[in-house]
Amino acid sequence: MPLDYTYRIRIPHRSGQLERVTGAIASCEGLIGDIVTINMGREATIREITVEVGDEQEAGQLGEVLDALEGVTLLWARDRALHVHEGGKLRMRPAHAVETLQAIRDVYTPGVAHVSRAIAADPTLAARYTTIARSVAICTNGTRVLGLGDIGPLAAMPVMEGKALFYCQFAGISAVPILIDARDPDAFVETVTRIAPTFGGIHLEDISAPECFEIEARLREALPQPVMHDDVHGTAVVTLAAVIVGCHRAGLELDQAVVGQLGLGAAGLGISSLIVEGSGARAIASDPNEASHERARERGIEVVDQHTVMSESDVVVATTGQPGLIDPGEIRAGQVVFALTNPEPEILPRDAVAAGAAFAADGSMVNNLLGYPGLFRGALLAGARDINREMKVAAAHRIAELTDESELVPDPLDRRVHEEVADAVLEAAKSSGSARAERATSLS
């Protein structure tokens, strides 16, 4: 697995020395990222150079090569991901500082009793006087984490922290990772149901299929707040947006196209279902797991073999987890191809284009971060009972509308994008009847 390493080095402060260092990195097949000057002196300069390497062994070898250069000293080398995760990525902080005795009386006893009595008399006041309506639980059992598979809930925590960090930064939502040590759907559903009153929304993450479908369906039925499995629906929203943009670039009308889906796991089923719901396009799909076929047919998706998908589809979306699955010879001239398996796609975009595709992209170009913060912010603003089809389709179209001509999707670091997505979701919640005024919040 590729790693980002930062090397702090001292090099002579003379012309050509940095070029000598970067040349050595290139000779080791490292990909240079950031170069930061830490100190510039009369005799030497200290710089931190970030390099993508293949693995830890290559990282160590590159460090030895740099340290062996004449006049160069390697001060230290760090795995960036491990370094930034030290101590975790989240902190819980108060909304108000408590610095006086009066503040203690206000936020705790005796003042807090007045607020508790008010909520007991009128439960809808909890949305106004507590964090519940501004919070989301990110629940996982760690049975299908990224491309790592079943690594358990504890090892999934860094991923859940990352999701929570983005909720805070881009949507103004307090999100709390909840690790549930339960593979059995009954135990998982019972656990989430019991803690659900604490939160305004339930975000399901990294749960293996087919259990994830049952868990989501049962929680949506049981709970009064929105429940969404992000691997199914968040991924589908961003992919639909990318497909809309890709079809526009290729001169295709999505509603008149045949969309082919390779892989009917959580992401694949969610993507193909939303494309059918959001565009009316004909969808065909292939998956060797026969257990997935009935779920697809229930959603209006025709189940065929891979050859039929590749030969009949105008748009192909692949989420199989099988790098290199698509042979360039299977590409039809003018097709739009999204090979989304990470880190290695079913076919490289450049190979698909060389084989005749009008447009091609991989998973690195379709960022899931663009979906879930705005979806849940809009749902919480509306006090929505669920995140329905209309809300997801509205989010996808707004993402597509906000995409710059030179990109496939907008910049996920642009908070304005998330706010606009939330606004679109809010309006869709109102028009579709999912919004409830008594549960709405300002999220200010």
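Which residues have the most contacts inside the largest nonpolar core? They are Tyr167, Ile173, Val243, Phe338, Met391 and Leu408. The views below come from a predicted model, in which local features need pLDDT of at least 70, side-chain atom pairs count only at pLDDT 80 or more, and totals for chains, interfaces and linings use all residues. Residues are numbered from 1 along each chain as its sequence is written, and side-chain values use heavy atoms, with hydrogens and water left out.

**View 1. The largest nonpolar core has 63 residues.** A nonpolar core is a set of buried Ala, Val, Leu, Ile, Met, Phe, Trp, Tyr and Cys residues joined through side-chain atoms within 4.5 Å. Buried means under 20% relative accessible area, exposed over 50%, and partly exposed in between (1.4 Å probe, protein chains only). Helix α10 (residues 233-250) gives this core its largest share, 9 residues. Helices (H or I, at least four residues) and strands (E, at least two) are DSSP runs, numbered from the N terminus. A second, separate core has 28 residues, including Ile178, Ile215, Val276 and Ala283.

**View 2. Ile173 and its contacts.** Contact means heavy atoms within 4.5 Å. Leaving aside neighbours within four places in sequence, Ile173 touches Arg134, Ser135, Val136, Tyr167, Cys168, Pro373, Phe376, Arg377, Leu380 and Leu443.

**View 3. Tyr167, Tyr372 and Phe376 are linked into a cluster by ring pairs.** The whole structure contains 5 aromatic pairs. Rings of Phe, Tyr and Trp (its six-membered ring) pair if their centres lie within 6.5 Å; planes under 30 degrees apart count as stacked, over 60 as edge-to-face and the rest as tilted. The ring centres of Tyr167 and Tyr372 are 5.0 Å apart and the planes stand at 65 degrees, so this pair is edge-to-face. Tyr167 belongs to helix α7 (residues 152-171) and Tyr372 to helix α15 (residues 372-382), so that the pair links parts of the chain 205 residues apart. Both Tyr167 and Tyr372 are buried.

**View 4. An open antiparallel sheet has 4 strands in the order β2-β3-β1-β4.** Two strands pair if DSSP finds at least two bridges between them. β2 and β4 (73-79) stand at the edges with a single partner strand each, so one side of each has no neighbour in the sheet. Neighbouring strands are turned by 20 degrees against each other on average, direction ignored. Strand β2 (residues 31-40) and strand β3 (residues 44-53) are joined by 7 bridges and form a hairpin with 3 residues between them. In this pairing Ile35 stands opposite Ile49. Strand β1 (residues 3-12) is joined to β3 by 10 bridges, with Arg8 opposite Glu48. Helix α1 (residues 17-27) packs on the sheet against β1, β2 and β3, and its direction makes about 150 degrees with that of β1. Axes are lines fitted to C-alpha atoms, for helices over the stretch in contact, and angles run from 0 to 180 degrees between N-to-C directions.

**View 5. An open parallel sheet has 6 strands in the order β11-β10-β9-β12-β13-β14.** Its edge strands, β11 (302-303) and β14 (359-362), each pair on one side only. Strand β9 (residues 258-262) and strand β10 (residues 282-286) pair over 5 bridges, and Val258 stands opposite Arg282. Helix α10 packs on this sheet, touching β12 (315-318), β13 (336-339) and β14.
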